Amino acid sequence: MKHNRLWLSIRAFFRGFQQAMLYKATAQIEYEISEMENSFTLMLFGNFIGLPGPSMPLTLELLPDMAEELEHMLLRASQTGNGLSELASIMGEP
């Protein structure tokens, strides 16, 4: 009876360990996908910030499909604090 109970405990431990590893791997893959989408969006619409990009007709053709990612990128850019620009804006005020 004790042997069976020990076996069940070991089995539960490894199931929990497996679930933790799956969660960690899934979270890492989701992060990498998000970063790849951000990089693709920046590469595609980099001409808005002065980076060389693909031709404008290609960008305009993909714009409807990338609208959600573009809004997400603009939101992230607006929420990111840039200390140097904040300092410059403070110093520029009369």
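Phe-17 is partly exposed, at 44% relative accessibility; partly exposed lies between buried, under 20% relative accessible area, and exposed, over 50%, with a 1.4 Å probe and protein chains only. Phe-13 is exposed, with a relative accessible area of 55%. The model is predicted: local features need pLDDT of at least 70, side-chain atom pairs count only at pLDDT 80 or more, and totals for chains, interfaces and linings use all residues. Residues are numbered from 1 along each chain as its sequence is written, and side-chain values use heavy atoms, with hydrogens and water left out.

**Aromatic pairs**

A pair of aromatic rings is described by the distance of the centres and the angle of the planes. Rings of Phe, Tyr and Trp (its six-membered ring) pair if their centres lie within 6.5 Å; planes under 30 degrees apart count as stacked, over 60 as edge-to-face and the rest as tilted. Two aromatic pairs are found in a search of the whole structure.

| Pair | Centre to centre | Angle between planes | Class |
|---|---|---|---|
| Phe-13 and Phe-14 | 5.3 Å | 75° | edge-to-face |
| Phe-13 and Phe-17 | 6.4 Å | 20° | stacked |

Phe-13, Phe-14 and Phe-17 form one aromatic cluster. Helix α1 (residues 2–44) holds both Phe-13 and Phe-17, which are four residues apart, about one turn of the helix. Helices here are DSSP runs (H or I, at least four residues), numbered from the N terminus.

**Thr-41**

Thr-41 also belongs to helix α1. Thr-41 is buried, at 1% relative accessibility. Its side chain reaches the backbone oxygen of Glu-37 at 2.8 Å. Leaving out residues up to four places away in sequence, Thr-41 touches Gly-46, Met-66, Glu-69, Leu-70 and Met-73; contact means heavy atoms within 4.5 Å.

**The largest pocket**

The largest pocket holds about 230 Å³ of space. On a 1 Å grid over the protein atoms alone, a pocket is an open set of points where a 1.4 Å probe fits, with protein on both sides within 12 Å along at least five of seven lines; lining residues have an atom within 4 Å of a point. The volume is the space filled by probe spheres set on the points.

Among the lining residues are Asn-38, Leu-42, Phe-48 and Arg-76. Two or more lining residues come from each of α1 and α3 (67–79), and α3 gives the most, with five residues. By type, the lining has seven nonpolar residues, one polar and one charged.

Technical notes: Ala, Val, Leu, Ile, Met, Phe, Trp, Tyr, Cys and Pro count as nonpolar, Asp, Glu, Lys and Arg as charged, and the others, Gly among them, as polar. A polar contact is a pair of N or O atoms within 3.5 Å; within protein, one must be able to donate a hydrogen and the other to accept it, and residues adjacent in sequence count only if both atoms are side-chain atoms.
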